[in-house]
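Visitor: I have a two-chain model open here and would like to talk it through with you, starting with the folds and then going down to individual residues. Could you take me around?

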Amino acid sequence: MSAAASSFADDASPLVGASQPPAELLLRDVRVLDPRAALDARLDVRVRDGRIAELGEPGTLEAGDGEELVDGYGRLRLLPAFFDPHVHLRTPGQEHKEDLETGTRAAAAGGFGAVIAMPNTDPVLDSAPLLRSLRDAAAREARVPVGFLPAITRSLQGEQLTEMAELRLQGALGFSDDGKPVRSAGMLRKALQYQRLCGGVLALHEEDPTLSRGGSMHEGAVSAALGIAGIPTIAESTMVARDAALAGYEDARVHFQHLSCAASVEAVADAKARGWRVSAEVSPHHLLLTEEDVRGMDTRMKMHPPLTTDADRLALIDGLRAGTIDCVATDHAPHARDEKEVPFEQAPMGTTGLETAFAALHTGLVLTGALDLAALVLRMTAGAALFGLPAPLIAVGERANLTLVDLAGEWVAGEHGWESRSENCCFAGRRLRGRVLLTLAAGGVAHRDRALAMVEA
Amino acid sequence: MNHLISIEDLDRADIERIVAQAERFAEVADREIKKVPTLRGRMVLNLFYEASTRTRSSFELAAKRLSADVVNFAASGSSVEKGESLKDTVLTLSAHKPDAIVLRTPWAGASELVAKWCSAAIVNAGDGKHEHPTQALLDVYTLRQHVGAIDDASIWIVGDVMHSRVARSNILAFQRMGARVTVAGPPTLIPRGIEQLGCDVRYTLDELRSADIVYALRMQRERMSETWVPSLREYASWYQINGRRLTPRQILMHPGPVNRGVELSGEVVDSPQAVITAQVEAGVVVRMAVLFELLAGAREQRSLAAVGGAGGGSGVA
């Protein structure tokens with residue numbers, strides 16, 4: 001980030017949520033894992049006034065007056081709370097799908113301590129007054145802090161820049177036209193140049209509409225068999241390569257959203273090797289599902305970018321392991337039941353993901369040996385730093401951003417319903433291992449599983 | 001069989017059983033009184049979201065020859081145009097308790113969805129560019145009448161494979177019956193990955209001579225405006241089945257309606273090798289056989305399955 005940018009960020013705290021009472025609790029004998037703090041040990045952890053106050057050998061700390069006691073029995077894992085740089089909270093305008101309260105409740109239930117909301121709302125988040133009113137609403141309703149990425153171009157039309165500098169003064173974390181690409185290279189270049197004035201990461205949804213138009217799923221054997229128009233992976237990878245080159249030329253900072261194919265991973269690796277300032281995210285569904293999961297034409301399997309081949313999936317896992325892909329992002333995209341209960345080609349794109357991300361990735365990647373737990377924790381928390389925010393850290397004096405999980409806990413996704421207002425989850429009905437029991441966000445208790453026994457001291 | 005949604009759900013024995021039943025119904029068609037009382041008191045609902053004269057009237061005639069009551073529901077000019085969803089329309093029409101719903105929509109997978117929403121037997125009369133299983137069955141029937149078994153026969157499907165539900169159903173059905181299938185057409189209209197259905201792919205008709213049966217697909221004029229091919233003229237010069245390309249021993253098929261001078265030249269349409277009219281005739285008896293199979297054949301079994309399916313039907317794994 002340039003020096004000019006930091007003065008913008010100081011004006012308004014970029015994350016905003018409803019203030020919760022500061023947590024007062026003792027987590028006894030939990031297995032603490034925080035790779036950034038070089039912590040992997042059984043400890044007692046005291047949270048006082050919403051901050052991590054004390055770390056001690058297991059069984060050595062006593063719960064004080066008014067402190068809740070949670071016993072980890074040397075088995076439950078305490079992790080830094082996850083950070084999701086890509087969610088759709090559907091507010092304003094589509095509150096029948098989700099709102100700030102339900103979306104952040106879903107985030108907390110999934111162990112996320114903060115999220116970044118996309119601007120493809122109705123109206124589009126593309127002006128300072130709207131950003132102000134959304135931040136005011138988040139300060140009343142959001143269970144975990146929310147950062148906002150206003151649009152790069154007005155109404156996501158790709159024709160005129162938003163007032164990026166004014167938006168940054170009002171707390172914009174960065175900018176994105178997510179849901180749509182910035183089609184014109186010339187338009188994106190102007191935004192990248194303007195970033196020198198105001199800072200703010202440009203998060204890019206990469207898709208060449210001349211290649212993807214009309215498509216509802218990945219172009220390949222399954223789309224050929226189903227007679228559904230396909231979206232070729234080059235619709236994404238050519239745009240990643242184009243925009244990486246633009247960012248390199250302008251020495252600008254860009255973040256590639258929801259990579260879905262091997263060729264895009266290669267383009268990002270190439271850009272990083274050249275020293276260009278790019279980062280990238282990948283979504284749990286692209287790491288765990290493929291075009292084969294679309295064969296039944298289940299509309300929950302319809303998302304943008306589409307589920308690709310197994311070879312693409314394996315390349316994404318390799319990219320995540322190697323750090324070519326910096327972080328996991330859910331692209332949580334809620335849609336109402338009646339919107340998804342239509343033939344596949346008519347259905348809107350998107351799957352919810354906040355409540356299942358950790359469990360699905362733990363089950364599908366960690367338990368299968370594809371990724372170790374510490375690496376998964378790193379990738380599920382790395383999004384914060386990419387947007388210039390401090391990463392959640394388990395250390396004395398830090399604000400409590402913590403997630404307590406039971407790695408052995410088995411559950412069937414959706415069996416008890418969802419915290420989200422929508423239920424269009426691609427993992428619904430799958431048996432997952434790894435349950436989030438407790439989430440502390442910005443020092444307050446944001447989620448508490450009903451199975452968690454908590455003893456008032 | 002509870003529904004006819006995709007050829008993928010049928011094995012060779014299923015196809016042969018339906019074709020054999022159609023042969024029995026063909027005898028009825030030659031009688032002076034063409035009606036049998038098999039489905040008296042049963043109701044067949046034709047629910048069509050796309051314009052279709054041939055398929056719809058063929059189903060209507062088939063149902064009437066079996067003495068079923070027929071209700072035609074065309075999506076245009078109805079509540080559908082007022083914004084009613086497919087699900088709501090189906091639930092509303094289900095209140096009339098149809099025994100079978102014949103469904104044509106522009107959307108892949110619609111029949112499968114509708115089968116989950118109601119207890120009627122669903123006949124897919126075309127779902128988007130996905131499948132058109134009764135067309136494939138009547139094509140198999142037609143070949144049975146004209147050439148007998150098609151084991152090891154070479155069948156070329158020529159033209160716009162990408163946008164053709166007929167192609168997809170026929171690739172599967174011809175293969176089930178033992179034939180070898182080659183698809184040929186302009187590279188822009190052959191979908192990537194189609195070879196994984198087990199067919200060969202050719203971009204020219206140079207080897208068309210090796211085919212025993214040539215199945216031409218309809219070339220739709222709107223494909224020009226979307227620049228799938230440069231012009232109809234160029235398409236015809238490379239892919240038209242005409243007297244120069246067709247050899248005398250080959251059988252020529254086409255699902256209709258024919259664009260004379262585009263995918264077929266006039267002389268081959270009228271040649272004795274063309275079985276296009278026979279395909280149309282086969283439509284009624286094959287659809288009679290399908291309705292018979294679904295409504296008369298395993299009737300009790302079906303109602304039991306429908307009850308069982310209602311409980312667990314909503315989750316798609």
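**A walk through both chains**

Guide: Chain A contains 15 helices and 19 strands, and please keep in mind throughout that this is a predicted model.

Visitor: What radius of gyration does chain A have, and what would a compact globule have?
Guide: The radius of gyration of chain A is 21 Å, which agrees with the value near 23 Å that a compact globule of 457 residues would have. Taken along the principal axes, the C-alpha atoms of chain A fill a box of roughly 65 × 50 × 45 Å.

Visitor: How many of the 457 residues in chain A are buried, as a percentage?
Guide: Buried residues come to 61% of chain A. As for the contacts between residues at least 6 apart in sequence, 77% of those in chain A join residues at least 24 apart.

Visitor: Okay, a strand next. What does E17 of chain A pair with on the E16 side, and in which sense, parallel or antiparallel?
Guide: Strand E16, residues 402-412 of chain A, pairs with E17(A) in the antiparallel sense, and the pairing runs over eight bridges. Within that pairing, Asp406(A) stands opposite Arg435(A), which belongs to E17(A).

Visitor: And where does E18 come in?
Guide: Strand E18, residues 444-448 of chain A, also pairs with E17(A) in the antiparallel sense, here over four bridges, and Leu440(A) has Val445(A) in E18(A) as its bridge partner. The two strands E17(A) and E18(A) form a hairpin with two residues between them, and Ala442(A) in the turn has a positive phi of about 50°.

Visitor: Is E17 mostly covered or mostly open?
Guide: Strand E17(A), which spans residues 431-441, is mostly covered, since nine of its 11 residues are buried by the criterion that 20 or more other C-beta atoms lie within 10 Å of a residue's own.

Visitor: Switching to chain B: what is its secondary structure?
Guide: Chain B has 11 helices and nine strands. Its radius of gyration is 20 Å, close to the 20 Å that the globule rule gives for 317 residues, so chain B is as compact as a globular protein of that length. The box filled by the C-alpha atoms of chain B is roughly 55 × 45 × 35 Å along the principal axes.

Visitor: And what about burial and contacts there?
Guide: Of the 317 residues of chain B, 46% count as buried, and among its contacts between residues at least 6 apart in sequence, 73% join residues at least 24 apart.

Visitor: What is the strand order in the sheet of four strands?
Guide: That open sheet in chain B has the order E2-E1-E3-E4, with parallel pairing. Strand E2 (69-74) and strand E4 (121-127) of chain B stand at the edges with a single partner strand each, so one side of each has no neighbour in the sheet. From one strand to the next, the twist averages 15°.

Visitor: How many bridges join E3 to E4?
Guide: Five bridges join strand E3, residues 100-105 of chain B, to E4(B), and the two run parallel; Thr105(B) has Asp127(B) in E4(B) as its bridge partner.

Visitor: Now the sheet of five strands, what order does it have?
Guide: This open sheet of chain B runs E7-E6-E5-E8-E9, again with parallel pairing, and its twist averages 20° from one strand to the next. Strand E6, residues 180-184 of chain B, is joined to E7(B) by three bridges, and there Thr182(B) has Asp200(B) in E7(B) as its bridge partner.

Visitor: Last topic, the contact between the chains. How many residues does each chain give?
Guide: The contact takes 21 residues from chain A and 24 residues from chain B. On the side of chain A that touches chain B, helix H7 (residues 221-226) of chain A gives the most, with five residues, and by class that side has nine nonpolar, seven polar and five charged residues.

Conventions:
Residues numbered from 1 in each chain as written. Chains lettered and ligands numbered in written order. Predicted model: local features only at pLDDT ≥ 70, side-chain atom pairs only at ≥ 80, totals over all residues. Rg over C-alpha atoms; globule rule 2.2 N^0.38 Å. Buried ≥ 20, exposed ≤ 12 C-beta atoms within 10 Å, placed from the backbone. Contact = placed C-beta atoms within 7 Å. Pairing = 2+ DSSP bridges. Axes fitted to C-alpha atoms, helices over the stretch in contact; angles between N-to-C directions. Nonpolar A, V, L, I, M, F, W, Y, C, P; charged D, E, K, R; others polar.
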